[in-house]
Structures are given as structure tokens and as C-alpha cells.
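Open the model in your viewer and keep the selection panel at hand. Each stop below says what to select and what is there.

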Amino acid sequence: MIIKIDMSKDTAIYKQIYDEIVKGILVRDVETNESLPSVRNMAASLSVNMHTVSKAYAKLKHEGFISLQRNNRATINDKESYAYSEEYVMAISDELEKIVIEAKCRGLKEKDLTEIIIKNYKKY
Amino acid sequence: MNIMSDIMICFAFVSLTVCFSILPFVGRKNLAFGISIPKSEYNNEKIKRIRRESLYTFLAIGITALLITIFAFRTVPEAKAIGLFTIMVLAQCFAYMSVFVLKNKKVKQLKKDLEWGKDAKNITVADTNFLTKEKIACSPKWFWIYGLVLILTIFLGLYFYDIIPAKIPMQMNLNGDYTRFADKSMISVMYPVFTQLFLGALFIFVYYMFKRTPLVIDAENPTESSKQNAVFRYRWSVFSFLGGLIMLVIFMMIMLGTIGFLSMVSIFYISMAGVVLIVAAAIALSITTGQSGSRVKIGKTKEEKTINREDDKYWKAGLIYFNREDPAFFVEKRFGIGTTINFARPKAVIIFLSVIAIAIIASVLSSIFL
């Protein structure tokens, strides 16, 4: 799995790492039970602070994507562990609301906005 | 001084000059003299000119140093010749470093003037397969062969201890004549073994460094870049294993010479052949592979205004990496081939300094006690 981080973006680096790994899981670049690199190795490879990677792993764990073993090894969970919950649907509904508000405010058409979502959904 | 020492001096200075002169050309395409630039600017006329200038300067320095040394060798007493030689080699290295630092400043200014850093994407990439699954170096098991050579050398020294002459040659000059002898003792007989231990450890350390340095992956072609990195790491890991093996075998030959099975002349030629082989292989490998496989052709590259890892600010004079945020001990060099250490990591600095310290202490101790 290739993890690409854009340091010039506004998105926090830990969030970018999180997003890249979730993408990796979706496109099956990493399989269930496969290990992720250690926090140190991942941080060294990206030359970022270890806390940044820890934070990304902690969030992945919190969302059920990975488990952290006793030896600090991170492994990918099975599908059931990260299947969506009501809580999650509510959370993204909030996020999408904000996006829709701004888009509508800027005059983007409903059709064009849904098209973006559909296009991205079909991409993967 | 004779023809032999002239050949030796020529070899040393020519290889040093070649090693440095190829450096601006074997690096990554997104770096120029240790400054990160967009790949598309690698063939920028101004960058090209700076590279050319540095090549000519390197060659001029090399030729000057060579001529001075050859001339000076004819005027100084033999005892001081080795010292002069060492000083000249160090002076040449220092001159090269200074040229590099000057060019580094020049490129930095150019980057600023032409605004390459402005609105370029700053991307950093990791390939997790190389952290968990794939191998990037030859198996460490090969290094058991070092142990075999070592044991064989110790065995030779012990088994033939009685027939070893009372005076043991310790040092050779550039003509292949012995200049210093030590009284026979367990320590002086085992001198080649101590050297083998040090060299073996050094080459294992180099192998380990190549293995442990995080891969720097090109953001524009991550997959190809990963492959190039893997080729580079694998080739150099094999090189460090074989290079170390050659050195260890040379010192086994020296043990044979101490016993009296090999003549002085043949040891001289064997060691020279070994050193020439290692230097030639390193140069050939640098030219064919480049830093981190930048010269290994895999697929096509698309050109975009992307800067791979904008971390100029962590590279002091383009040579010394100091980044407190980065947990890596070893990092890929910005200029030249191979890896260097993160000076913000105390442990890495300690390892680095102890390697140098061991070398100095060992040579001092041997000159005091032997």
C-alpha cells in the first residue's frame, strides 16, 4: 500500500494517513489480518512525528479498522468490525450538511453535487 | 620514490576525483546539490551549468592535488610520505565539500529567484509493503561467511604460531616495502584478526544502514520509485557483503604472509587488486544504479510541478540532516550515494561517532603497543 501525504494541504497529516489507510483497506491493498508498519517505521518513512502516526492509528482503532496488539503491532480487522453504525451515519450526515450548505450558498446545483458523490462512489 | 608509489598515488587521487565528479550526475532528479527542486527543472539550463561548473572544478582540484602530491613526494623524506599523502587526500575531500556547499547555496538562491517552491505540491510517500512484507536487502545469513574467514585466520595464526618469525611486519609504504616491525607476541600475530573484526563489523554496519534507512519514494511515480529503491538497496547490500568479504580475505592473506606462506610482493598485489576491485565496483554501481535507483529505468515518468518532500530546512548546508520530528536514525543522503544519520537523534550520533572513535583508537593503540 502506498501512502501519499500532501504536506501543503490544509488537511491534518494524521487525517491524511487515516484516509490513505482506509482507502488501502477499501481497494484491498491491505487485507484483513495483515499488519501495518510500526508507528516508528511509518513515521520514519514519511519523516513525520511519531505522535502524528500514533494519532492516526488511534483513530483507526477507535473506528474499528485496526486492532493494536500487545506488542503494539497494528493489524487490519475483519469487515464486521468497521461496518457502519448509526452513530457514523449521523456523523457523516452532519459533515455532508456543512458541505451542502456551502455548495448551495455558492450556487452549485443539486444535480452537480450528487453527481460528484456518485462519481466518487463508483470510482472505488 | 619510484614508479610504484606514483601509480599508487595516481590511483588514489584519480578514484577520489572520479567518485566526487560523478556525484552531481547520479543523484535523484528532484534534487540538485542537496536542494529539492521540481523534477521538471532537472534539465534547466542554469542547473545544468552549475553541474558542469562543479564537474570542471572537481577535475581541476583532483589534477592539482595529484600533481602537488607527486612533486612533493620527491622532496620529502620517506618517513613523512604517508603523512603527506593522508593530508593531501583530506585536503582534496575538504576542497570538494567546500565546492558542494557553495553550489548548494547557489541552487538555493536560484530556487528562490525562480520561485520553484511557490505553489508546488509538497508530497511525501511511504510504501508499507517495504516495511512489512518485501525484502530490500540480501539475507543477513551471508555474513556467517565472515565468521568462517575469521575463524580460519585465527586458526592459521595459532596453528603456525611456532614457525612465525620473531619480527612481524606491521606497516607497508606505498612502494610495498615494510616500514615497521613488531616483536612476535600473541597480539601482534593476531593483528590481522583484530582488523578483520573491525572491518567485518563496519561492513555489517553499512549493510544494516542500507537495510534500515526508510525508502524515499518519488511522489510522481510511487510504484516505479519503490521498485528502483528496492533494486538500489539490494545491489548495495550485496556490495557491502562482498566488499567486506574481500577485505577480510585480504587480511587472511596478510596472516599467511606473517606465517611466511606468501611473499611480501604478492600480498601487496593482492591487497591492491582487492581495493581496486572494491573502488571500481562502487563507481560502476553508482553510475548504473544512481542514488536510490534513480538511474534504473523502470517505466515512464510524467512531469508535474511537485516537490518531493520539501525538507531543505532540515539539511544544514545540504549535508547534515537535523530533524527533531523525524524518528528515523538513518536517512537517505541528499548528495551522493547512500545514507547518512539524523543528527537530531542522539543514539544515531553516538553510533556514528563510536565507529569513527573505534577506528582512531585502534590505530593509535596499534602504533603505541605494536
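This is a predicted model: local features need pLDDT of at least 70, side-chain atom pairs count only at pLDDT 80 or more; totals for chains, interfaces and linings use all residues.

**Stop 1**

Colour residues 13-82 of chain A as domain 1 and residues 86-123 as domain 2. Their centres, taken over C-alpha atoms, are 26 Å apart.

**Stop 2: helix α4 of chain A**

Select residues 86-105 of chain A. This is helix α4(A), with 20 residues. From first C-alpha to last, α4(A) reaches 28 Å, close to the 28 Å expected at 1.5 Å a residue. How many of its 20 residues are buried? The count is zero, and α4(A) is hardly covered. Step just past the end of α4(A) to G107(A), where phi is positive, about 90°.

**Stop 3: a helix pair in chain A**

Now select α2(A), residues 39-46, and α3(A), residues 50-62. Their axes come within 8 Å and cross at roughly 120°. The range for roughly perpendicular ends at 115 degrees and roughly antiparallel starts over 145, so α2(A) is oblique to α3(A). The crossing is right-handed.

Show side chains at the contact. From α2(A), pick V39(A), R40(A), M42(A) and A43(A). They meet M50(A), T52(A), V53(A), S54(A) and Y57(A) in α3(A).

Next, centre on S47(A), in the loop between these two helices. Its phi is near 40°, a positive value in a residue other than glycine. Most residues other than glycine have a negative phi. Is S47(A) buried or exposed? It has 23 other C-beta atoms within 10 Å, and 20 or more count as buried, so S47(A) is buried.

**Stop 4: where the chains touch**

Show both chains. The contact takes 23 residues from chain B and 22 residues from chain A. On the chain B side, select β3 (121-127) and α4 (129-132), each of which supplies at least two residues. Which element of chain B gives the most? It is β3(B), with seven residues.

**Stop 5: a loop in chain B**

Go to F33(B), in the loop between β1 (31-32) and β2 (35-36) of chain B. Here is another residue other than glycine with a positive phi, near 50°. F33(B) is buried, with 26 other C-beta atoms within 10 Å.

**Stop 6: a helix pair in chain B**

Finish with α5(B), residues 144-159, and α8(B), residues 222-259. Their axes are 10 Å apart, at an angle of about 5°. That makes α5(B) roughly parallel to α8(B). Contact residues of α5(B) include I145(B), Y146(B), V149(B) and L156(B). Among those of α8(B) are L245(B), L248(B), F251(B) and M255(B).

Key:
Residues are numbered from 1 along each chain as its sequence is written. Chains are lettered from A and ligands numbered from 1 in the order in which they are written. Helices (H or I, at least four residues) and strands (E, at least two) are DSSP runs, numbered from the N terminus. The expected span of a helix is 1.5 Å times one less than its number of residues. A residue is buried if 20 or more other C-beta atoms lie within 10 Å of its own, exposed if 12 or fewer, and partly exposed in between; C-beta atoms are placed from the backbone. Domain bounds come from an automatic or database domain assignment. Axes are lines fitted to C-alpha atoms, for helices over the stretch in contact, and angles run from 0 to 180 degrees between N-to-C directions. Angles under 35 degrees count as roughly parallel, over 145 as roughly antiparallel, 65 to 115 as roughly perpendicular and the rest as oblique. A crossing is left-handed if the near helix is turned anticlockwise from the far one by less than a right angle, and right-handed if clockwise. Two residues are in contact if their C-beta atoms, placed from the backbone, lie within 7 Å.
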